[in-house]
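Please look at the sequence and the three-dimensional structure shown below.

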Amino acid sequence: ADHVRAEVRAAVRDWPDFMDRIHAMGWSEEYLAYCERYGGRQQGKRQGKLSGLRPAASDGQSTRGFGYWYPTVEDWRWRRTLSYWIAVTFFQGSLFFTASSFLWCNLEELGSLKRVLTQGGYIAGRANVFVGCYLMCVQTINLTNATHSYANESLDAERGACSDSRTNSALAPALGLGAAPFHWWPFHYRTALRRLAALGAGPWPYVASIAYLTGVLIFGVGLLPDFLQMPGASGHWLGVLAFLLGSTLFLAGGLAECVENGILRRCACLNTGYVGAVLNTVGGVCFVVGAIIGFDPALSFYSMFAYGVGSFIYTIGSAAQITMWKDEQFGLTFMAALNRLGGPTGRPMVKRDGSEQAEETKTLSACGACFIMIYCFAGAMSTFDFLIVFAAQGWHASTLRLACKACSALMPLIFAHMMLALSAGVYEPPGVAPFRHLFLACRGIALIMA
C-alpha cells in the first residue's frame, strides 16, 4: 500500500499544471467544483447530478469572488462562525475595558467594590479579547480558497513552493490524499505566512492577529503585581512596562489593519473596514498615551482616562466589525481579501429566483446587528452585577444565600449568550408563529435587561 501511495504521489507531483490555461478561459470555479464532486464520488459520498461546465466571467473577477474564498458550504459556515465570535468577543471585551478604566478614575468613591469593578472587569475584558485574538490567528493560519482547499503540504515541500501546486491541490481529494492539516497553535508563523503568500492575501492579516494576541497576553502580565503582593517599586515598574509593551503591540495591530485595508494607498475610498481599522489604530494610540502617563503614579487619573477613551474607541471599532459581519465581510478589519466578494461594496452577488441579474445580498439586518450589541452589553453588566454580589456579601455570608444571589446575577449573562449563540445562525426573526413571537419576546427581554 505504501508503494502504491508513493507512486500516486509521484504521479501527482509530475502532473503538468494546466491551471493557468483554465484561469484564462474562465473555467476555474467549475473545474474545481467538478474535482470536488469527483473526489466525493470516489469516497462513496452521495452527489447530485453533474451539470455541464459553464464558462465564468472572462474578466478574471470570478476567481476572486465568493466561490474563490468559499469553495464549499463548510468553509463558508466555518469562517462565518469564526468571524462572528471574533467581532462579539472584541466588542464585549471593549465594554469591560471601557467601564473598568473609567471606574478606575474614581477609586475612592468605589469603597469595597473598587477591586472587583476595576481588576475584575479588566480580567473579564482580557478573557474576551484573548478569545477573539486567538480565533483571529486560527482563521489566518488555516486560510484556504478554491485552489488550495486540499493543499497537500508534503507535495508542496517536495516541489519547493505552495503556489505551484494548484492542480495537485484540486486533484488531491480525488486521489484520496486528504486535506491539509488544521493548526490550533496560534504561533505557526511560517505556515501562516506561507499560506497567505500562496493565496495572495499578504502577511498583514497574521501580523495584526499575532500582535493583538501577544499584546493581550502581555497586558495580563501587567496585572500580576495586584495579585502577587509584589513590593511597591518592582510591582509598579512591571505593571507600567507591561502595559506600555502591550499598548504598543495593540497599536502595531491597528497599523497592520490599516495597511491591510489600503488606508495609506486609497484614503479617499472609505468603507466600514477602513473606518474600523482607523478606529483600532486611534484606540491603540490612546493606550500608548495612557501607558506613558502611567509611569508617574501621581497622574494615574489621566492615565486611566486615556485607557478609557481608547477602550471606548475600540468599542466603536468592534461595532464596525459586527456591522461588517452582517454584510458578510467575514475578513472584518484584519483580512481585507475576504471582503471583496464581487459586489460594489464587497458583498456577494446573488441571483434571486426569477431574476436575470445578480444583486448584492446580506444575511442580517441592521436591527439584528444592534441586538447583538445589546446582548453583549447585557452580558457585561450581568458580569459586573455578579462581581458586586460577591464583593458586597463576602465569603462569610450564608453559602446558600450567596449562591442564590450569584445565580440570579448571572441569569442575564446566560440568557444574553444563549441569544448570541442563536443569532449566529438565525439571521432574522422566524416568519412562522409561535417561533416569531418567542424570538421577538426574547429581544424585548434583552432590551429590559440592558
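**Aromatic rings, helices and a buried serine**

A search of the whole structure finds 24 aromatic pairs. Rings of Phe, Tyr and Trp (its six-membered ring) pair if their centres lie within 6.5 Å; planes under 30 degrees apart count as stacked, over 60 as edge-to-face and the rest as tilted. The rings of Trp185 and Phe187 have centres 5.3 Å apart and planes at 55 degrees, so this pair is tilted. The model is a predicted one, in which local features need pLDDT of at least 70 and side-chain atom pairs count only at pLDDT 80 or more, while totals for chains, interfaces and linings use all residues. Residues are numbered from 1 along each chain as its sequence is written, and side-chain values use heavy atoms, with hydrogens and water left out.

How accessible are these two rings' residues? Buried means under 20% relative accessible area, exposed over 50%, and partly exposed in between (1.4 Å probe, protein chains only). Trp185, with a relative accessible area of 52%, is exposed, and Phe187, at 33%, is partly exposed.

A second pair joins Phe287 and Tyr307: the ring centres are 5.4 Å apart and the planes stand at 65 degrees, so the pair is edge-to-face. This pair links distant parts of the chain, since Phe287 belongs to helix α14 (residues 272–293) and Tyr307 to helix α15 (residues 300–326), 20 residues apart. Helices (H or I, at least four residues) are DSSP runs, numbered from the N terminus. Phe287 is buried, with a relative accessible area of 5%, and Tyr307 is buried at 4%. Both residues belong to a cluster linked by ring pairs, together with Phe90, Tyr212, Phe219, Phe243, Phe250 and Tyr314.

Next comes a contact between helices. The axes of helix α5 (residues 73–104) and helix α7 (residues 114–141) come within 7 Å and cross at roughly 155 degrees. Here axes are lines fitted to C-alpha atoms, for helices over the stretch in contact, and angles run from 0 to 180 degrees between N-to-C directions. The two helices are therefore roughly antiparallel, a term for angles over 145 degrees.

The last stop is Ser382, in helix α16 (residues 366–393). Ser382 is buried, with a relative accessible area of 3%. Which residues does Ser382 contact, leaving aside its neighbours within four places in sequence? They are Ala409, Leu410, Pro412 and Leu413, where contact means heavy atoms within 4.5 Å. Ser382 and Leu413 are 31 residues apart in sequence, and their C-alpha atoms are 5.3 Å apart in space.

Methods
Parallel < 35°, antiparallel > 145°, perpendicular 65-115°, else oblique.
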